[in-house]
Amino acid sequence: MKIHTTLAAAILALAAGTTAFAQEKTVTLYSSNPEQAIEAVANTLKEKAPDIRLNSITGGSGVLLRRLEAEASNVQGDLFWSSSFNTVGAFEGQFQAYESLELSAIPEKLRYPGNLYTPANVHVVVIMVNTDQLGDLPAPRTWTDLLDPKWKGKIVVADPANSSTGYTILWGLHKMIGDEELKKLAANVAVSSSSSAVQSGVAMGEYAVGLAFEANAYPYVDGGQEEIELVYPEDGTFITADFAGLVKGAPGGDAAKTAFDVLMSKETQTALLETSFRRPSRSDIEVSKIVKLPEMSAIKVFDIDEKEAADKRDEFLKTWQSYAAAGAN
Amino acid sequence: MIRASDLRAPWLWLSLAALVALLVFIVYPVANILTASVSGDQNGWSRLLADPRGLTAILNALILASVVTCTCVLIGVPLAYVTARYRFFGKSIIALLPLITLVIPEVISAQTWLMALGNNGLITRFLRDIGIQLPTFYGWFGLVTVMTFVYYTYVYIGTVAAISGFDSTLEEAAQSLGTSPARSRMKVMLPVILPSILASALLVFTMVVGNFAISMILANRLPLLSVVTYQAAVSEGGAAPVMQSTFATVSVVMVMLILFLNRWIVSRGRFEIAQGRGARPVPITGWRGAVIGLAASFIVIVSLVPLAVIAVGAFTVSRGPVMQWGNWTLANMERVFINAPQPLVNSLIYAGAATLIGICFSALVSYLIIKKRNAVTPWLDYISSIPLALSGTVLGIGLVVSFNSGWLPLTGTATIMVLALLVRRLPFGMRSAQATLHNIPNSIEEASISLGSPPLRTFFKVVLPMMGPAIASAAILTWTTSVSELSASILVYSGGRETLTIQVFRLIGSNLMAYASAYGLVLIAVIIIPIIVATKVFKIDVFASK
Amino acid sequence: MGIDIKNLYVNYGGMDVIADLSLTIPEGCFFTLLGPSGCGKTTLLRTIAGFVQAAKGNIYFQSQDVTRLPPHRRNIGMVFQDYALFPDKTVAENVAYGLRARGESGEAMMKKVRHELEHVGLGHVMDRHPAALSGGQRQRVALARAMVIKPQVLLMDEPLSNLDAKLRIQIRETISDLQREANITTVFVTHDQEEALSMSDRIGVMNKGKVEQLGTPKEIYATPRTAYVADFVGAANRINVTVAEANADGTARIMLGDAAILARNTLTGTSRDGILIMRPEDLRLKPRTSAEMQGLMGRVVKRQYLGGKTSYKLALPDETLINVDSHGDDHDGFEIGTDVIATIDPSKAMVIAS
């Protein structure tokens with residue numbers, strides 16, 4: 001009798017094992033993150049949950065979110081990763097709350113109300129400088145340095161209407177330096193349609209200065225392009241978290257949740273930091289031990305109310321449009 | 001008028017089946033675009049009129065297309081004239097021209113031009129050092145330059161064909177009647193080849209209007225129809241496709257007008273040239289030969305620069321976005337073939353399936369249209385040429401809008417990828433199959449039938465083998481253009497279904513030039529190897545049907 | 001196997017191209033449809049083949065009604081003007097094609113193919129492609145291809161028109177020989193009267209979708225029933241005349257100016273107006289003497305020396321021009337400007353209704 005049960009159990013286990021093996025699960029990730037970052041997730045996932053296959057669709061975060069909204073009747077994606085508070089805030093209806101198993105490692109201050117989204121990493125806004133293109137200008141040390149008309153046409157920033165990065169940066173600046181100064185800045189900047197064009201523009205020397213996230217600009221320093229420098233403005237800068245979410249009605253089911261937990265794990269966040277220089281949202285990773293970036297404690301941070309940024313989006317975009325239009329003349 | 005005997009033969013039923021397929025996959029998506037533009041809470045047209053950006057985009061597209069068409073004619077026609085009429089040093093490399101346009105993905109062309117003429121480009125820096133400030137490359141300057149060098153070959157090919165077909169004895173006759181050589185050329189040759197030049201110029205016009213890749217990269221701050229259409233498409237998705245449909249309709253109407261104009265010009269230009277003796281190219285030497293040779297070679301070499309850049313980039317060490325020029329590696333290629341081969345596999349499968357289905361469909365339907373006319377076949381002819389009027393973006397929108405959900409949900413499947421390529425490139429196969437069928441006399445088929453071979457068997461045993469060479473060349477054209485297709489597939493692809501071109505586009509978006517170059521180089525190989533095999537091994541004249 | 005066509009109608013786009021045509025072609029007969037382009041002869045042939053659908057009426061092969069039978073099941077052999085050889089297949093494969101369609105294969109089939117090709121004198125080109133053959137060779141291959149399947153009827157659509165004059169005569173003989181040996185009912189379409197006269201057992205002269213006259217080559221040539229037939233088959237002088245006197249022996253006396261001429265009278269009833277038909281080679285020229293009043297008085301206005309004969313153009317007193325071909329010794333003996341008299345055997349001149 002006992003032998004029989006053991007045998008039955010063994011067969012069951014075997015059967016379960018083979019079905020698990022045979023039914024490779026697919027999780028589709030909508031990501032606005034660069035290829036290397038997605039690869040880091042895929043690699044961690046391969047170790048932690050080898051039966052899950054990760055598909056990724058990449059694009060601008062706004063584009064992907066609207067696509068999720070359009071696909072609501074025929075859900076295609078499982079996870080969205082990642083965008084800023086103000087951007088994801090408009091798409092709450094497409095997501096389901098989920099308390100990740102890794103949530104305890106993430107400071108409460110960063111979390112999204114009700115855990116509809118979970119912060120995956122933290123961005124620091126920096127001034128990316130191409131020293132070869134400065135000419136006679138001194139490298140900027142503060143935001144106000146950039147308001148001088150001498151900088152006209154030498155600064156690039158992403159279009160806040162099409163890029164959440166651009167919105168975060170310009171909203172934050174607006175809060176920090178005020179209306180008049182933003183107006184002066186608007187007269188100096190060129191606007192690119194995507195945030196990735198900001199970094200490449202500065203790196204290729206199209207522009208001397210770009211307003212960018214640290215994680216997007218740093219790869220050029222890491223890659224050995226000596227003329228690229230990151231400036232953490234002395235008058236303070238601001239941070240913003242990138243949020244990831246579990247899509248409502250995700251076809252991947254439990255596999256999607258597993259993949260989500262993997263996205264938040266220490267391994268993934270460390271790998272992300274190593275490969276794509278994203279500061280972890282977790283508090284248990286020491287950044288400067290892994291990459292040559294300053295610890296958060298060494299950076300002067302100006303607090304931003306993300307909720308306000310999201311609520312006043314339309315109003316601010318209109319303001320910015322008028323500044324940009326005035327500056328263009 | 002349908003007779004009882006028609007009902008017994010397989011042709012009417014096959015025609016109806018083909019008609020259903022064309023209605024579902026071409027007419028229905030186009031109809032959806034047209035109706036979607038006037039549906040929804042707010043009519044797309046009133047929104048368009050209220051939005052200065054949209055109107056500017058349309059105007060800009062028209063201006064850009066006109067300017068690029070002119071520049072292409074200015075480069076393409078003289079180049080065609082000197083290559084058709086003279087022999088000079090370096091002429092052989094000009095024979096490469098048609099290949100270049102086919103094999104270099106536009107994304108890569110645009111990126112390469114940025115390296116030369118961008119704010120920090122090699123040429124820009126050189127000129128700045130000697131005190132000349134070029135305008136910014138993002139905008140008119142860049143768009144016109146890159147598109148000119150990508151599209152002038154179409155004018156070149158069309159004009160070369162017309163000049164070589166031109167009966168040079170006409171020109172001699174004019175000279176014998178007392179006009180000077182230059183005058184006789186203007187008086188006699190120009191009117192004869194003008195329709196060909198205009199037709200190819202209009203082709204360039206429509207391609208500029210529909211251009212996606214170059215516009216996306218270079219039209220950052222300049223609203224352009226194709227870019228705003230794409231942006232509207234990705235932001236609206238398939239659920240409430242109002243603005244994208246409105247823009248798409250504008251583009252369809254614009255291209256349709258051009259095509260009608262083209263047809264009108266071609267029909268007016270039907271001068272019967274009694275199979276003329278084309279002039280033999282005369283050698284041109286001395287300083288004039290050197291100037292012509294240098295100028296022509298310059299144009300061709302400039303067109304080849306992107307190819308060289310990606311060939312080098314594919315084997316260059318990179319760290320993140322930074323290229324370490326001069327350090328070589330195989331890691332990028334390893335990635336393409338070993339770490340992430342999915343795009344390569346996808347490209348091969350989708351383009352292969354689209355080519356196979358497209359060619360079979362074209363052969364059969366062209367046969368019906370030319371040889372088995374019935375009440376249905378004229379419609380097959382009209383509908384199958386509709387994709388000519390659709391830019392990739394428009395087609396992509398149509399497919400997404402039509403098959404997102406509902407009775408035939410295809411979103412996220414491989415089918416919709418194949419469908420996008422298939423429909424977009426269908427006219428290639430149709431045009432070439434119809435041209436060949438016109439040249440197969442009816443008596444051949446009747447001979448086979450009279451010998452006791454039933455009609456369908458006759459089609460497979462006699463007609464199809466005779467169409468063989470033309471089908472092969474159409475298949476290669478369909479293949480190469482399917483592999484390099486981007487604008488339609490980028491709208492319909494889903495995770496895991498990216499093709500080589502989509503991958504290149506994405507990687508360039510992420511500033512990973514080394515990987516982009518590696519995928520780009522493999523893409524070019526996938527395009528060019530069948531062409532080489534076909535022309536060298538099977539002696540197929542790939543460009544005969546162009 | 002004979003062919004019977006009963007009350008056949010064929011129309012294209014609402015127009016009758018063949019209307020109420022009935023025709024019987026006996027077994028083993030070499031039947032020629034003769035007429036100018038557009039007369040409906042090719043349409044009739046293609047209707048017999050089955051490529052054109054009859055709107056009304058019936059076609060029988062022997063007693064089998066084939067009107068609704070698709071062409072590939074009619075067991076016909078067809079030869080086309082442009083040869084219609086399959087360019088991608090060898091000569092042997094072209095000939096084998098119909099046998100393969102009938103399920104034959106292997107050595108037995110190849111033996112038939114070889115035999116048939118040798119029969120037309122092309123045993124040595126079996127492995128070539130049609131492009132490597134001359135026009136005459138191609139048409140022989142096409143003939144072998146049509147004959148090897150032992151068809152019930154052989155249909156030929158102007159098979160000689162694309163060949164030059166010498167080859168035409170050679171292939172003509174080949175066709176006649178093959179047809180006679182196989183004793184196969186044959187329908188041959190041509191616009192060339194010489195072909196029709198030389199090859200056919202029977203000829204149907206077609207005009208505007210109708211068979212205008214049916215008969216042996218000799219009947220068609222010697223006794224055309226209409227001016228159209230007379231004109232189309234061989235050359236003929238046609239003069240509008242009024243019969244002066246209809247004789248009981250079937251001849252008619254016709255006055256042309258002062259001179260009189262006797263001709264066979266085919267006019268019926270009280271009608272006296274008709275057309276006088278005389279073939280140029282039937283007229284004899286003599287120097288004019290005042291006594292002679294029987295014949296056509298004329299003056300030589302043109303003369304063409306053609307080797308075996310001389311072709312004259314005479315002006316009659318009312319300035320009507322007629323052609324006369326003169327044979328025999330000294331056939332070029334009349335100078336331009338000479339007054340002559342042209343006579344004709346009454347059996348060879350004919351008055352028909354206009």
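Predicted model: local features only at pLDDT ≥ 70, side-chain atom pairs only at ≥ 80, totals over all residues.
**Notebook: domains, a core and a strand**

I started with chain A and looked up how far apart its two domains sit: the C-alpha centres of domain 1 and domain 2 of chain A are 29 Å apart. The domain bounds come from an automatic or database domain assignment. Domain 1 of chain A takes in 2-121 + 241-297, and domain 2 takes in 123-239 + 298-328.

Residues are numbered from 1 along each chain as its sequence is written, and chains are lettered from A and ligands numbered from 1 in the order in which they are written.

**Where the domains touch**

I checked contacts next (C-beta atoms, placed from the backbone, within 7 Å). In chain A, 19 residues of domain 1 are in contact with 20 residues of domain 2. On the domain 1 side, the elements giving two or more residues are helix 3 (61-70), strand 3 (79-84) and helix 4 (85-88) of chain A. Helices (H or I, at least four residues) and strands (E, at least two) are DSSP runs, numbered from the N terminus. Helix 4 of chain A gives the largest share of that side, three residues.

**The core**

Which residues touch the most other members of the largest nonpolar core? I found A:Leu79 and A:Ala259, in a core of 356 residues. Such a core is a set of buried Ala, Val, Leu, Ile, Met, Phe, Trp, Tyr and Cys residues joined through C-beta atoms within 7 Å. Buried means 20 or more other C-beta atoms within 10 Å of a residue's own; exposed means 12 or fewer, and partly exposed is in between, with C-beta atoms placed from the backbone. Leaving out residues up to four places away in sequence, I saw that A:Ala259 touches A:Val27, A:Leu45, A:Ile52, A:Leu54, A:Asp78 and A:Leu79.

**A strand in chain C**

Then I followed strand 19 (residues 339-343) of chain C.

Strand 15 (residues 284-287) of chain C pairs with strand 19 in the antiparallel sense over four bridges, and C:Lys286 has C:Ile341 as its bridge partner. Strand 16 (residues 296-305) of chain C also pairs with strand 19 in the antiparallel sense, over four bridges. Here C:Arg299 stands opposite C:Asp339.

Methods: Contact = placed C-beta atoms within 7 Å. Pairing = 2+ DSSP bridges.
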